[in-house]
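Please have the sequence and the structure at hand while reading.

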Amino acid sequence: MIEEGKYIQARKSQLHFFKNVQLYTKADSNKFLLYKPSGITLGEMRIREGRHPDILYIKQTDKIRGIQEAQKAFNNQLEVAVQSEDSEKVKETLVTIVEETLMEPRSGSLEGVSSTVNILIDDYSRSTDIIQQLIDMSSADYSTVLHSINVMALTLVFAFYNNYSKTECKTLGLSALLHDVGKTKIKNEILTAQRELTNEEFDEIKNHTKAGYNILRTCKFEEREVSLCALEHHETLDGCGYPSSKRNVSKIAQIIGLIDCYEALTNDDRPYRNAMTAFDALNGVIKTNVKDGKFNKEIYTQFVKSLGTIMG
């Protein structure tokens, strides 16, 4: 028996990845008992057959370490799926990685998705077709997770088409995947509201840019652009965007801001509009924004051409 301290329930999706994280059970006396020591993992058969306590705990101080162990294992699964060209497994694993990461978006956990993006780019000759297929991930259960993965996939197609360096591709892909991390701080009932938002609710939605920046700037990313993109991706070149109405918008935020808009228009049904076709989005709303000076014309043209490579 150990002294009672601060413990949290372990996520079942992560249990069989914990090796250096100890697992505990809770006795009737509300004392915590060591169930699995450091250095071993729970067997997959034991988990599959439920031959372990229904609820297991980890120390609060092991929370980030546990997420990192799970991320490493999920990234290994992703690499295998990419190498075997299993697009469905790639989609499934990517969704899991992003979902698990956004449950605890902070320094120590967010850095793990850097390896996720690297896997897709380091072997892009094999994964290019898979990345293109990710763009078809629209779902009735549209969410920040699916939106973020779609934006990343579209961004990588854009970067590959324009022959960006591997370093530039990684920075763009990571920034795209995490551009909406600030939405984890917004009430879910507002994010999923099946009605037009009130002005007050939309103001709260706008706060996701600053929230994302504050989360990402504490992370140990080599690329400063990752946090800057989260802050600026809703700024526009005419100074009518948010949160600061600035005109001098970083190029990476300009790219991802346009792609973010396109993805939302083509995949996200709203109470006041249906999702648009690619043609209507590009030649309607986005082209108008280009003419009005909100989006960069050259980036728009390059993006349209990059889409042509995957849409025939």
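Tyr7 is buried, because its relative accessible area of 16% falls under the 20% cut-off. The model is a predicted one. Phe32 is likewise counted as buried, with a relative accessible area of 6%.

## Aromatic pairs in the model

How many aromatic pairs does the count give? The count comes to 7 aromatic pairs. One of them joins Tyr7 and Phe32, whose rings are stacked at 4.1 Å centre to centre, with 20 degrees between the planes. Tyr7 belongs to strand β1 (residues 7-9) and Phe32 to strand β3 (residues 32-36), so this pair ties together parts that are 25 residues apart in sequence.

## Phe17 and Phe74

Phe17 and Phe74 form another aromatic pair, and theirs is edge-to-face. The ring centres are 4.7 Å apart, and the angle between the planes is 75 degrees. Which parts of the chain does this pair link? Phe17 is in the loop between β1 and β2 (23-26), while Phe74 is in helix α2 (residues 63-83). The two residues are 57 residues apart, and the pair links distant parts of the chain.

Are these two residues buried or exposed? Phe17 has 14% relative accessibility and counts as buried. Phe74 is buried too, with a relative accessible area of 6%.

## A cluster of rings

Tyr7 and Phe32 also belong to a cluster.

Conventions
Residues are numbered from 1 along each chain as its sequence is written. This is a predicted model: local features need pLDDT of at least 70, side-chain atom pairs count only at pLDDT 80 or more; totals for chains, interfaces and linings use all residues. Side-chain values use heavy atoms; hydrogens and water are left out. Rings of Phe, Tyr and Trp (its six-membered ring) pair if their centres lie within 6.5 Å; planes under 30 degrees apart count as stacked, over 60 as edge-to-face and the rest as tilted. Helices (H or I, at least four residues) and strands (E, at least two) are DSSP runs, numbered from the N terminus. Buried means under 20% relative accessible area, exposed over 50%, partly exposed in between (1.4 Å probe, protein chains only).
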